[in-house]
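Here are my notes from going through this one, in the order I would look at things. Have the model open as you read.

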Amino acid sequence: MTSGRPIISIIVAIAKNRAIGKDNQLLWHISDDLRRFKRITSGKTVIMGKRTLLSLPSGPLPNRRNIVLSDNLTDCFGGNCETAFSIEDALKKVSNEIEVFIIGGGMVYQQFLPLSDRLYLTIVEEDFEADTFFPEIDFNQFELIESELITNDEKVAFQYRYETWQRKKSR
Ligand SMILES: NC(=O)c1ccc[n+]([C@@H]2O[C@H](COP(=O)([O-])OP(=O)(O)OC[C@H]3O[C@@H](n4cnc5c(N)ncnc54)[C@H](OP(=O)(O)O)[C@@H]3O)[C@@H](O)[C@H]2O)c1
């Protein structure tokens, strides 16, 4: 797909109670999930909110085009990224791309969920205390195309699942 609208994919790690972050940090460290995130998004464009950019330990993500939503960001804090001042502005910047990844955080997921075509979820099967949550997903609007339960990750104290959902075609 070119000159129009790319596939909009959301990628997120989400707890059972839809928690995704606290104090501008993630709630867990799952190395396997970070590798999966890197594998899926490398070479692609990622769109994020300014608070998510500020939470990244080394700034904008390498090997990806980084677009950061902000009302006032102009310099990306010395990193290699572009600013978009609205959702429309961000979509204009990616109109020639095939697929873009929305990588958070809560405020940005909220705005992109209604526009999303695909969801790459990591579902942590526990509740977490948080200050940032993913919006409620109406799974009736999506079809599950991949699911994998991870029960044997010895580095974490909980089970998690990878799920990929595709929006049903009636849009
Ligand atoms: N679990 C996960 O997979 C995951 C992934 C990513 C992030 N997170 C977590 O999520 C939390 C951060 O989320 P958050 O909701 O606080 O912040 P956020 O969505 O990362 O960033 C919010 C900021 O983005 C800018 N923004 C958002 N929408 C905009 C728009 N339409 N136009 C212009 N600017 C816009 C604004 O920046 P200005 O104030 O500069 O205008 C706003 O303050 C952290 O805890 C982080 O660790 C979790």
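**Notes on the model**

1. Before anything else: this is a predicted model, so please read every point below with that in mind.

2. Start with the sheet. Its 8 strands form an open arrangement in the order β5-β4-β3-β6-β1-β7-β10-β9, and the pairing is mixed. The edges are β5 (82-84) and β9, each of which pairs on one side only. On average, neighbouring strands are turned by 20° against each other, direction ignored. Helix α1 packs on this sheet and touches β1, β3, β6, β7, β9 and β10. The direction of α1 makes about 175° with that of β1.

3. Next, the pair β1 and β6. These strands run parallel and are joined by 4 bridges. Is S9 buried or exposed? It counts as buried, because 22 C-beta neighbours lie inside 10 Å and the cut-off for buried is 20 or more. Leaving out residues up to four places away in sequence, the contacts of S9 are E99, V100, F101, I102, S116, D117, R118 and Y120. S9 and I103 are 94 residues apart in sequence, yet their C-alpha atoms are 8.8 Å apart in space.

4. Now the nonpolar core. The largest one has 34 residues, and the members that touch the most others are I10, V12, I47 and I102. At least two residues each come from β1, β2, β3, β4 (65-69), β6, α4, β7 (118-124) and β10. The largest share, 7 residues, is supplied by β1.

5. Of the 9 residues in β9 (142-150), the count that are buried is 0, so the strand is hardly covered. β9 pairs with β10 (160-167) in the antiparallel sense over 8 bridges. Within that pairing, E146 stands opposite T164 in β10.

6. On to the ligand. What surrounds it? The shell has 30 residues, and the closest are G21, G49, G104, G105 and G106. Two or more shell residues come from each of β1 (7-15), β2 (19-21), β3 (45-49), α2 (50-55) and α4 (106-112). By class, the shell splits into 12 nonpolar, 14 polar and 4 charged residues.

7. Please look at the backbone geometry too. Most residues other than glycine have a negative phi, and most peptide bonds are trans. Here, a cis peptide bond joins G104 and G105, with omega about 0°. G105 is in the loop between β6 (99-102) and α4, and both glycines are among the residues closest to the ligand.

8. Two residues other than glycine have positive phi values worth a check. R18, in the loop between β1 and β2, has a phi of about 70°. R18 counts as partly exposed because it has 18 C-beta neighbours inside 10 Å. D23 is in the loop between β2 and α1 (31-41), and its phi is near 55°. With 9 C-beta neighbours inside 10 Å, D23 counts as exposed.

Terms used
Residues numbered from 1 in each chain as written. Predicted model: local features only at pLDDT ≥ 70, side-chain atom pairs only at ≥ 80, totals over all residues. Near = placed C-beta within 6 Å. Nonpolar A, V, L, I, M, F, W, Y, C, P; charged D, E, K, R; others polar. Buried ≥ 20, exposed ≤ 12 C-beta atoms within 10 Å, placed from the backbone. Pairing = 2+ DSSP bridges. Contact = placed C-beta atoms within 7 Å. Core = buried A, V, L, I, M, F, W, Y, C linked by C-beta atoms within 7 Å. Axes fitted to C-alpha atoms, helices over the stretch in contact; angles between N-to-C directions.
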